[in-house]
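Open the model in your viewer and keep the selection tool at hand. We will walk from stop to stop, and at each one you will hear what to select and what is there.

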Amino acid sequence: MDLNFSAEDELFRLQVRDYFKNDYPKDIIAKVSAGKSMVKADYQRSEQALAKKGWLAVNWPKEHGGPGWSVVQRYIFDEELEIAGALNVIPMGLLYFGPVLYTFGSEAQRERWLPGILNSTTFWAQGYSEPGAGSDLASLTCRADRQGDEYCINGSKIWTSYAHFADWIFCLVRTDPASTRHDGISFICVDIRSPGVEVIPIRSIDGEHHLNRVEFNNVRVPIENRIGDEGKGWHYAQYLLGHERTSYAHVGARKAELALIKNAARTAGVGGSSLLKDPLFASKLARTEIAVKTLEYTTLRILSATQVGAAPGNESSILKILATECAQAVSTLMLELAGADGLTEKAVSLPLSERQGLSGAMCTEKYLFDRAQTIYGGTTEIQKNVIAKQVLGLRS
Ligand SMILES: Cc1cc2nc3c(=O)[nH]c(=O)nc-3n(C[C@H](O)[C@H](O)[C@H](O)COP(=O)(O)OP(=O)(O)OC[C@H]3O[C@@H](n4cnc5c(N)ncnc54)[C@H](O)[C@@H]3O)c2cc1C
């Protein structure tokens, strides 16, 4: 097995690096690396800059507006974007819903919704979880009753990331009131400004507003907003989750964070000595670096088993666990490094190339938000169940 990138891939890497150094909005890189809160306009400007270059929908096949890259090119692009400190895209439209739309949507639905995602004028939210249905998603109760050419939707969705930025929300709803599990569920797109939709903010442990509760009170939606067949929404939802779980790798971000940690550790010991010579810290750092390397190879292995635009299989659950535990290991190390300075804005690492250094508060916020990584997209326990049953074929 050759683990090196080809000469063409390395050339591609240089082109991507050059783009982020010279042509991507510099103020956004500055804002990301200073750990500032991002507003919708930041995401839109970043995504529209990428769209102008033809580099926004990087996971879509060429016929639907993707750049037609190989999986290795896509991997290199994602890595360079994060090493440069550019802003990741909001995934709901581009990474999750887009592939469902071009795979299962009608021609009319593709014409209606793909362009807005491709030029970042339309933002989407994901309405899966409910107050009483998270891990056991098939027990969801939000219902859509058919009334002539419309559905009437009633119920609640919760933990809906970026619903306050969204124009549309794709929802899993129960269209067969007699059903109890997977079969009576449909996948329906709702204009979030429809009468009867209310978006209620939830502030998370890092003090930021990423999350929301979305209430549906007699919301009328035309039947042409349903993706695919009525009652078959579970199938489309699972296809989407394969894409979602593969999107958590963020190898570039982990490498950039490790570089900042090492940079800071050189002078963070007692009296300005190097923490890299402290056997306890050095051993934790080595473990974390090995975890990031393992993540890198696992990501490449899982991506190479997938064609661009095709559905990642249940192996994406392996990647989800590895990626999210790796992110938590890195942010735990960051917090240890910051120590008591984690309660302040004090700098704990120096700037590194284009990026700013870390402040104590950034380490703490990141540590706190990263607790959610092993929950969203399906908890680690649920991923282990998927691996046991679907990948290893074990019986419960
Ligand atoms: C930051 C964040 C963003 C999110 N964004 C979105 C979003 O945009 N859209 C959306 O729809 N949802 C979103 N979610 C919701 C997320 O998908 C759910 O939180 C997750 O699926 C877990 O569901 P729950 O919170 O109801 O926990 P529960 O399902 O109640 O689980 C509680 C605990 O029990 C364990 N458990 C449950 N069942 C089993 C089992 N069978 N075997 C072993 N252990 C089990 C779980 O692992 C967990 O530890 C988000 C969540 C977070 C934290």
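Start by selecting H210, which sits in the loop between β6 (197–202) and β7 (211–222). Keep in mind throughout that this is a predicted model. Is H210 buried or exposed? Its relative accessibility is 16%, and buried means under 20%, so H210 counts as buried.

Move to W159, in the loop between β3 (150–158) and β4 (168–174). Look at its backbone: W159 is not a glycine, yet its phi is positive, about 60 degrees. With a relative accessibility of 51%, W159 counts as exposed, because exposed means over 50%.

Now select S120, in the loop between α6 and β1 (124–127). S120 is not a glycine either, and it has a positive phi of about 55 degrees. Is S120 buried or exposed? At 1% relative accessibility, S120 counts as buried.

**Next stop: the three domains**

Zoom out and colour the chain by domain: domain 1 covers 7–89, domain 2 covers 124–232 and domain 3 covers 248–391. Begin with domain 1 and domain 2, whose C-alpha centres lie 30 Å apart. Where they meet, five residues of domain 1 are in contact with four residues of domain 2. Together the two domains bury about 360 Å² between them, and 46% of that is on carbon and sulfur atoms.

How many salt bridges are counted between domain 1 and domain 2? The count is one. There are also three residue pairs in polar contact between these domains. On the side of domain 1 that touches domain 2, the residues divide into three nonpolar, one polar and one charged.

Side chains of opposite charge can pair when their charged atoms come close. Across this model the count comes to 25 salt bridges, and a few of them are worth a visit.

Select helix α6 (residues 107–118), where E107 and R110 lie three residues apart, about one turn of the helix. E107 and R110 form a salt bridge, the closest N and O atoms being 3.7 Å apart. R110 has 21% relative accessibility, so it counts as partly exposed.

Then go to R226 and E230, another salt bridge, with 3.9 Å between the closest N and O atoms. The two partners fall into separate classes: R226, at 19% relative accessibility, counts as buried, while E230, at 38%, counts as partly exposed.

For a pair that links distant parts of the chain, select E257 in helix α8 (residues 251–265) and K366 in helix α11 (residues 360–370), which are 109 residues apart. Their side chains meet in a salt bridge at 3.5 Å, N to O. E257 counts as buried, at 10% relative accessibility.

**Last stop: L337**

Select L337, which is found in helix α10 (residues 316–338). L337 is buried, with a relative accessible area of 10%. Which residues does L337 touch, not counting residues up to four places away in sequence? They are I261, A264, A265, A268, L275 and F281. To finish, draw a distance between the C-alpha atoms of L337 and V214: they are separated by 38 Å, and the two residues are 123 residues apart along the chain.

Methods: Residues are numbered from 1 along each chain as its sequence is written. This is a predicted model: local features need pLDDT of at least 70, side-chain atom pairs count only at pLDDT 80 or more; totals for chains, interfaces and linings use all residues. Side-chain values use heavy atoms; hydrogens and water are left out. Domain bounds come from an automatic or database domain assignment. Contact means heavy atoms within 4.5 Å. Buried area is the accessible area (1.4 Å probe) that two parts lose on being put together, summed over both. A salt bridge is a side-chain nitrogen of Lys or Arg within 4 Å of a carboxyl oxygen of Asp or Glu. A polar contact is a pair of N or O atoms within 3.5 Å; within protein, one must be able to donate a hydrogen and the other to accept it, and residues adjacent in sequence count only if both atoms are side-chain atoms. Ala, Val, Leu, Ile, Met, Phe, Trp, Tyr, Cys and Pro count as nonpolar, Asp, Glu, Lys and Arg as charged, and the others, Gly among them, as polar. Helices (H or I, at least four residues) and strands (E, at least two) are DSSP runs, numbered from the N terminus. Buried means under 20% relative accessible area, exposed over 50%, partly exposed in between (1.4 Å probe, protein chains only).
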